[in-house]
Structure formats: C-alpha cells, structure tokens
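Here is a short walk through a structure of two chains.

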Amino acid sequence: MQEDGGSLEDLWPFNEEIVARAIFESKLPIISAVGHETDFTIADFVADLRAPTPSAAAELAVSDVEELKLKLLGYNNRLKLALKKKVELMRLRYEKCMASRAFKDPLQRINEQYIRIDMMVKSLQHNIINKYKDRKNEMITLVSKLDSLSPLKTLTRGYCIAQIDGKAVKSINDVKKDEEVDLRFIDGKKKAKIL
Amino acid sequence: MKEEANFEETIKNLEQIANELEKDDLNLDESVAKFEQGMKLSKICNDILENAEKRISILIKKDDGVDEENFNVE
C-alpha cells in the first residue's frame, strides 16, 4: 500500500477510520509505504509492517519471499536426510541381525557334533584296545603259570615218568620183578627193567 | 509405508530366530527348519531394503535436478 505523495493533504485519506479498519480486517498481510520517511499516518500503525519508502517496502516484501524459499530448501533437505537416515538404520539393523552366529556360521553346531562323535569313537577304540591288552596280559600270566605247573616242566628238572602201556606207574605195587617199563624223559623214552 | 510395516515385523521375526538358534535349545530338526525360515525372511528384508534404497536415490536425484533448473532460471 503506497502513496507517492507530495503534500500532507494527499496523505490524509490514510488517516480515515474506514481505511484503518479495512487494513486491520484484511486477510492479506499489508505493508504500508505511505508518505515520506518522517510522516506517519494511522494506516502505518495498523498495517502489519511499515516501510519508509515504496522502494523499501518492495525490498521488505521480496525479502520475505527469499526467506521462504530458503526455509523450503531447508525443509527439503531435512526431509531427504531423515528419509536417508531411516533407511540406513533399517539396513544397519538387518546387517546386525545377519551377523549373528546363527546365520554366519550355521554349520557350527553340526561340526561340534561331528567332533563329539569323533572323540567318542576314539574313546571307544582306546577303551577296547586297553581291555584287549589287559586280557592278553592276564592270559600270558596264566599261560606261564600253567607252563611252570606242567608235568613236562617237571621232567626238565630231572624227573621221569614210568609208564606201562602208556599209563603212568604210580606205585611200587604196580610193577613186578623183571617187568619192562617205559621211562619217559623230557627228550624221549627209554625202556627199563625192574630189578 | 506399507512396506515398512512388513519390514518391521519381518526383521523382528528374523531377530527372534537368530536368538533361538544362538541359544541352542532346539533339536536338530527344529534348528534346520528355523534356519530355513530365517533365510526366507532374510531375503524378504533384503529385497525391501534394496527397493527402498533405489527409490529414495531416484527421488533425491530427481529432486536435485528440479532444484538446479530453478537456480538457472533465476
């Protein structure tokens, strides 16, 4: 709202009550650029903004638009950033989940069981071999005992078995004078006669 | 944002499966079944993410292009 005024009379309409009320009721923002730097009218006070000259008013109006443009650019950038960030967070959460041992190394549990089985097999083998060794040693001990108790061993110590027809003679009553007996030594048989 | 709702649920299920498998309380059959399900969910999540990332980068490029034109005119 401007008036390229000269005299004070030209400015007077802008002091009218009806003008003031109209300015007040106006839905559009009003910049008042009426008159000169130092002359004020009622319109100046009612308006949303007062400019000292019309050119100054133009500057003020344009400035607002520039400010708005900057604001819009700011909002625009914030929107872009917010959206990017949102997706980045989603992506991060997903990557973190997939980094879990459950997905990165799913065979781990199965391999652990394989190892367990291997260990048990080894243990079984170990145990059975030991058992076998123990039994074998037992047997060796028994065999050597048996060996030392064997009548044939006795023969190596100088004894011999008197036999008639393959049967051992156990008593002097079982032989008669001049009877022939077999004497069995460790290394063979020889005939002998009872005197 | 309908896709986002699916992502939320899917990733939640995926995280739950990861926890269960990590805890190691399941028997072998259950573990394999859960793992298979996890792989399916993982693919869904990945697809949603890639799709969203693509669309956003296109939108941003388009938007930047419009801005540049305005500056030139002024």
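In this model, 21 residues of chain A are in contact with 32 residues of chain B. Contact here means heavy atoms within 4.5 Å. The model is predicted: local features need pLDDT of at least 70, side-chain atom pairs count only at pLDDT 80 or more, and totals for chains, interfaces and linings use all residues. Residues are numbered from 1 along each chain as its sequence is written, chains are lettered from A and ligands numbered from 1 in the order in which they are written, and side-chain values use heavy atoms, with hydrogens and water left out.

How much area do the two chains bury between them? The figure is about 2,400 Å², with 62% of it on carbon and sulfur atoms. Buried area is the accessible area (1.4 Å probe) that two parts lose on being put together, summed over both. Arg93(A), Tyr94(A) and Arg109(A) supply 25% of the area that chain A buries against chain B, more than any other three residues.

The rule finds 4 salt bridges across the interface. Each needs a side-chain nitrogen of Lys or Arg within 4 Å of a carboxyl oxygen of Asp or Glu. Glu53(B) and Arg91(A) meet in a salt bridge, at 3.1 Å from N to O. On chain A, the elements that give two or more residues to this side are helix H4 (54-98), helix H5 (101-104) and helix H6 (108-149). Helices are DSSP runs (H or I, at least four residues), numbered from the N terminus. H4(A) gives the most, with 14 residues.

Now the largest pocket. Its lining has 18 residues, and Ala102(A), Pro106(A), Arg109(A), Leu21(B) and Ser31(B) lie nearest its centre. A pocket is an open set of points on a 1 Å grid over the protein atoms alone, where a 1.4 Å probe fits, with protein on both sides within 12 Å along at least five of seven lines; lining residues have an atom within 4 Å of a point.
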